[in-house]
Amino acid sequence: MGEETTQANGSTTSSLRRKAAERRHAHRVPGVEPALAALLQRRRAEQVDRSWAAIAGWPLPALLLLPLCLLGKASPTPLSLALCFWYALLGFLSAADNLMYAWAYAYLPASTALLVAASSLAFSALFGRAIAKNTLNMSSLNAVVVITAGVVIVALDSGSDRPAGVTPRQYALGFVLDVLGSALHGLIFALSELVFARVLGRRSFHVVLEQQAAVSLCAFAFTSAGLAVAEGFPAMRREAARFAHGGEAAYANVMVWTAVTFQLGVLGGTGVLFLASTVLAGVLNDVRVPLTSIAAVIWFHDPMSGFKILALVITVWGFASYMVGHSGIRKPSRS
């Protein structure tokens with residue numbers, strides 16, 4: 001009698017578990033989740049490919065530097081052990097930074113990733129003060145606090161714009177990698193300014209091209225080595241063959257323009273570091289946030305919730321407060 005009761009209880013428990021599992025999976029469409037996982041994997045591969053293409057444009061600053069050297073208007077900086085160390089370190093950090101952003105953009109909508117990346121201003125201010133000894137006034141601190149508040153607002157709204165196929169854990173990972181990439185971005189800014197101040201010197205603008213070419217070359221070497229180990233190049237060729245917007249020719253076109261626009265953007269940021277400071281470079285880097293967030297909504301149809309609109313307004317307010325606070329500052333006359 002006891003054995004029959006035990007068997008009956010076991011059968012009832014198994015039946016309840018089976019029905020619960022059926023209810024749990026009833027809303028799922030067969031084949032949809034594997035398809036979403038495949039699409040997510042392809043999206044992540046595309047982002048990694050473009051991060052490699054971005055630094056593959058390292059010959060561009062070298063080509064801009066070549067005429068200056070040939071015409072005798074600039075003399076190359078002699079390579080020393082310390083300078084090589086700084087180039088290698090900045091190249092490694094840049095490669096890691098690009099990889100973090102690539103994975104973050106694979107898991108987050110473009111507008112969300114950009115709003116979170118605006119936190120790089122806070123890290124630029126902190127590292128600029130600690131490493132490059134930048135001056136922070138009240139407008140700088142206000143901009144840092146306000147933009148950081150915008151990032152917190154995006155974090156509070158993290159559940160409303162999770163892309164299809166992305167799990168909550170992957171979304172959280174993308175958010176964390178985006179913040180870490182922003183922190184690394186601020187550190188790279190501060191270390192680059194330190195190299196200008198103590199190693200290269202602010203002699204002429206050609207040192208900006210020298211640093212960018214050398215750092216991009218080192219980052220390209222580190223990233224290429226990682227792709228080779230992970231067998232990323234054959235995957236890149238397969239991705240080009242099935243590129244949905246025109247095949248291999250269109251894929252190559254995207255890669256080329258990714259490299260050109262990235263190098264031009266880095267050239268502008270490095271020039272600001274050479275002429276001004278890490279904090280200003282971080283502020284100007286955040287100018288792209290409102291523009292690209294709106295563009296992501298228009299062209300990529302990213303969801304734009306009330307929280308994200310509020311974060312966008314706060315980010316613009318933080319940038320404007322910095323510019324207004326510094327508009328009256330003038331460098332002392334040398335006379």
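Lys133 is placed in the loop between α6 (120–130) and α7 (138–156). Helices here are DSSP runs of H or I with at least four residues, strands are runs of E with at least two, and both are numbered from the N terminus. Although Lys133 is not a glycine, its phi is positive, at about 60°. Lys133 counts as exposed because its relative accessibility is 57%. Exposed means over 50% relative accessible area, buried under 20%, and partly exposed in between, with a 1.4 Å probe and protein chains only.

A positive phi also occurs at Glu231, a residue other than glycine, where the value is near 55°. Glu231 lies in the loop between α9 and α10. With a relative accessible area of 59%, Glu231 is exposed.

The model is predicted: local features need a pLDDT of at least 70, side-chain atom pairs count only at pLDDT 80 or more, and totals for chains, interfaces and linings use all residues. Residues are numbered from 1 along each chain as its sequence is written, and side-chain values use heavy atoms, with hydrogens and water left out.

The pLDDT, the predictor's confidence in each residue on a scale from 0 to 100, averages 79 over the chain. A score of at least 70 is reached by 81% of the residues. Over residues 16–42 the pLDDT is below 50. Beyond near neighbours in sequence, this stretch has 10 contacts in the model, a contact being heavy atoms within 4.5 Å. Residues 330–335 also have a pLDDT below 50. That stretch has 1 contact beyond near neighbours in sequence.

The chain contains 14 helices and 0 strands. Of its 335 residues, 43% are buried. Among contacts with a separation of 6 or more, 84% join residues 24 or more positions apart. The accessible surface of the chain is about 18,100 Å², as given by the Shrake-Rupley method with a 1.4 Å probe, where only the protein chains shown count as cover for residues. Carbon and sulfur atoms hold 69% of this surface.

Two packed helices are described by the angle between their axes and the distance between the axes. The axes of α9 (residues 206–229) and α10 (residues 232–241) come within 6 Å and cross at roughly 85°. Axes are lines fitted to C-alpha atoms, for helices over the stretch in contact, and angles run from 0 to 180 degrees between N-to-C directions. The helices α9 and α10 are therefore roughly perpendicular to each other. Angles of 65 to 115 degrees count as roughly perpendicular, under 35 as roughly parallel, over 145 as roughly antiparallel and the rest as oblique. Helix α9 contributes Ser224, Leu227 and Ala228 to the contact, and α10 contributes Gly232, Phe233 and Met236. These residues divide into 4 nonpolar, 2 polar and no charged. Ala, Val, Leu, Ile, Met, Phe, Trp, Tyr, Cys and Pro count as nonpolar, Asp, Glu, Lys and Arg as charged, and the others, Gly among them, as polar.

Pro61 lies in helix α3 (residues 59–70). Pro61 counts as buried because its relative accessibility is 1%. Residues up to four places away in sequence aside, Pro61 touches Leu209, Gln212, Ala213 and Gln263. Gln263 is 202 residues from Pro61 along the chain, yet their C-alpha atoms are separated by 7.6 Å.

Ser51 sits in helix α2 (residues 32–55). At 10% relative accessibility, this serine counts as buried. Apart from neighbours within four places in sequence, Ser51 is in contact with Asn98 and Ala102. Thr258 belongs to helix α11 (residues 247–275) and counts as buried at 19% relative accessibility. Arg50 and Ala54 are the contacts of Thr258 outside four places in sequence.

Asp286 occupies the loop between α12 (278–285) and α13 (288–299). Beyond four places in sequence, Asp286 is in contact with Ala117, Ala118, Ser120, Leu121 and Ile147. Asp286 and Leu115 are 171 residues apart in sequence and 8.9 Å apart in space, C-alpha to C-alpha.

Ile309 lies in helix α14 (residues 306–327). At 41% relative accessibility, Ile309 counts as partly exposed.
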